[in-house]
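Please look at the structure while I take you through several of its regions in turn.

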Amino acid sequence: MDAATVAGYFKDKSILITGSTGFLGKIFVEKILRIQPDVKKIFLLVRAADTSSAEQRVLNEVIGNELFGPLRENYGSNFYSFMKEKISPLAGDIINENLGLESLEILKLSKEIDIIVNGAATTNFYERYDVSLASNVLGAKYVCKFAKKCANLKMFLHISTAFVSGEQEGLLLEKVFQIGETLKEGCHLDIAAELQLVESVKAELTHSTNGKSEQTEKITMKKLGLKRARQFGWPNTYVFTKAMGEMLVGHFGRELPVVIIRPSIVSSIYHDPLPGWIEGTRTIDSIISAYAKQTIPHFIGADHVILDVIPGDMVVNAMLVAMAVHWSERGQVIIHVTSSQQNPLSTSTMLDLMYRYFTANPQTMGKNGKVVKTKRLNITNKTGFRAYMFLKYKLPLEVLHLVNTLLGGYFSQYYNKSIRSYRYFVLLAKLYMPYAFFNACFNGTNLARLQTATTQDQSKEACVLNFDPKSIDWEYYLYNSHIPGVMKYAHKKM
């Protein structure tokens, strides 16, 4: 199966995409329009008050993005007319029954849709529990229930994350989650009970605060999410709720052709169409951005730990090929789109490339353009990190607190700001700790099967749909594309 054959599956087909304003969503929309201009229609479900607002949001956040530059250049003055012909924005939300659409609209769509790509999610590790449940759990359920109404459905593709595996060690298989399954032995997960718990806690908060403390509710919901995740064996709210979402897709989509894509840490585009392009800051990118400013001389981790990273365009290419290979197949297929088994990247390699890049390309700060001297990032184990944080920050803050008290609160504003920064940094370290000491490898059997099904050559056409982790030259990619891309597209927006 070559690129032209894969593209052929999408000719004259109508696709519903959720999450199109996200990083992978944009890459997917652009790729479909580029490799198959004869796609019938792409419906983009976006949060908006009405159709006009939805159209404006898609214009601003999707097709107006620099990622669409090659398409814009190719179509010239006909670019926007082509986009208008192919893209149909829908004002709705996956957190609502029927996706927030009117009954007549649902009926019409159910007769048109051939493919559904569910990529909408909240990816914040420390998100409010109610928000994560709504988007990552109920959202998956509602999209799946809509899919069951689509008479011509050939494929339902759901984007999850490889880290639904939690903190398990060893070789992690492409295994389906069963309803109620947890990562902690002896525990059973009742999703309905979790939803009821959230409503109960929120009702109690409303009663105790007379509905006046939004900040209290926000903090309580964030803490509740982490508490419940850890109770059932997951390290954070994000991966916990994504696992629940997979359970519901498996339960409600039993009779559907379902592919669940589990990427690892998604990084910038490797090859096509804009090397280094990225939006937002992924797991490793927040470290790169902070290191550029030399604001984190110390962090938690270990040199030998493998960072499972996969470029965004490779994830999308794997999605496209997976849909073609498993076209109309009833049942559920899990595919790890990861690199740790086939082409591992060590923490030490990543840190060395960061040091080399910023030594050769020093950053400047402030109005005077002061050059930031690049030093190697020291990483340490949990005990060493705690000791460092105590001596470097906690102890001086305790002294400052004492002085502030003796001086009648003279340093209160500075102290409060400093303690908030300290607590946030400690929380960040705790959230990233499972990945800093990740001691597992994702099995890639199903990804390998996709590779077997595709033409293996080095032609330009083959590169358009390349998703082979073994083809990644980590040194070249990180130094010449990814790190510069983070600085150009993500760092400037932080």
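Setting aside residues up to four places away in sequence, F68 touches K26, V29, E30, L33, V62, I63, F79 and M83. Please bear in mind that this is a predicted model. F68 belongs to the largest nonpolar core, a set of 138 residues, and together with L33 and L320 it is among those with the most contacts inside that core. Which helix gives the largest share of this core? That is helix 15, with 11 residues. There is also a second, separate core of 27 residues, including L45, L138, V143 and L256. As general background, nonpolar side chains in soluble globular proteins tend to be buried together.

Helix 15 leads us to its partner. Helix 14 spans residues 382-406 and helix 15 spans residues 412-436; the two pack with their axes 10 Å apart, at an angle of about 165°. An angle over 145 degrees counts as roughly antiparallel, and helix 14 and helix 15 are therefore roughly antiparallel to each other. The crossing of helix 14 past helix 15 is left-handed. On the side of helix 14, the residues making the contact include F385, M389, Y393 and L397, while helix 15 contributes, among others, Y415, I419, Y422 and F425. Sorted by class, this contact has 13 nonpolar, 4 polar and 2 charged residues.

The axes of helix 12, residues 312-325, and helix 16, residues 445-453, come within 10 Å and cross at roughly 75°. Helix 12 is thus roughly perpendicular to helix 16, because angles from 65 to 115 degrees are given that name. Here A318, V321, A322 and V325 of helix 12 meet L447, L450 and A453 of helix 16. How many residues of this contact are nonpolar, polar or charged? There are 7 nonpolar residues, with no polar and no charged ones.

The loop between helix 16 and helix 17 holds T454. Is T454 buried or exposed? Its relative accessibility is 13%, and since buried means under 20%, T454 counts as buried. Beyond its neighbours within four places in sequence, T454 is in contact with M1, V321 and F467. V321 also takes part in the contact of helix 12 with helix 16.

Two prolines deserve a moment. P297 sits in the loop between helix 11 and strand 9, and is partly exposed, with a relative accessible area of 37%. Leaving out neighbours within four places in sequence, P297 is in contact with R376, L377, N378 and Y388. Its C-alpha atom is separated by 8.6 Å from that of I379, a residue 82 places apart from P297 along the chain. The other proline, P273, lies in the loop between strand 8 and helix 11. The peptide bond from D272 to P273 is cis, with omega near 10°.

Finally, I would draw your attention to backbone angles in two loops. N98, in the loop between strand 3 and helix 6, has a phi near 60°, which is a positive value in a residue other than glycine. N98 counts as partly exposed, at 28% relative accessibility. S328, in the loop between helix 12 and strand 11, has a positive phi near 65°. S328 counts as partly exposed at 39% relative accessibility.

Methods: Residues are numbered from 1 along each chain as its sequence is written. This is a predicted model: local features need pLDDT of at least 70, side-chain atom pairs count only at pLDDT 80 or more; totals for chains, interfaces and linings use all residues. Side-chain values use heavy atoms; hydrogens and water are left out. Axes are lines fitted to C-alpha atoms, for helices over the stretch in contact, and angles run from 0 to 180 degrees between N-to-C directions. Helices (H or I, at least four residues) and strands (E, at least two) are DSSP runs, numbered from the N terminus. Angles under 35 degrees count as roughly parallel, over 145 as roughly antiparallel, 65 to 115 as roughly perpendicular and the rest as oblique. A crossing is left-handed if the near helix is turned anticlockwise from the far one by less than a right angle, and right-handed if clockwise. Contact means heavy atoms within 4.5 Å. Ala, Val, Leu, Ile, Met, Phe, Trp, Tyr, Cys and Pro count as nonpolar, Asp, Glu, Lys and Arg as charged, and the others, Gly among them, as polar. Buried means under 20% relative accessible area, exposed over 50%, partly exposed in between (1.4 Å probe, protein chains only). A nonpolar core is a set of buried Ala, Val, Leu, Ile, Met, Phe, Trp, Tyr and Cys residues joined through side-chain atoms within 4.5 Å.
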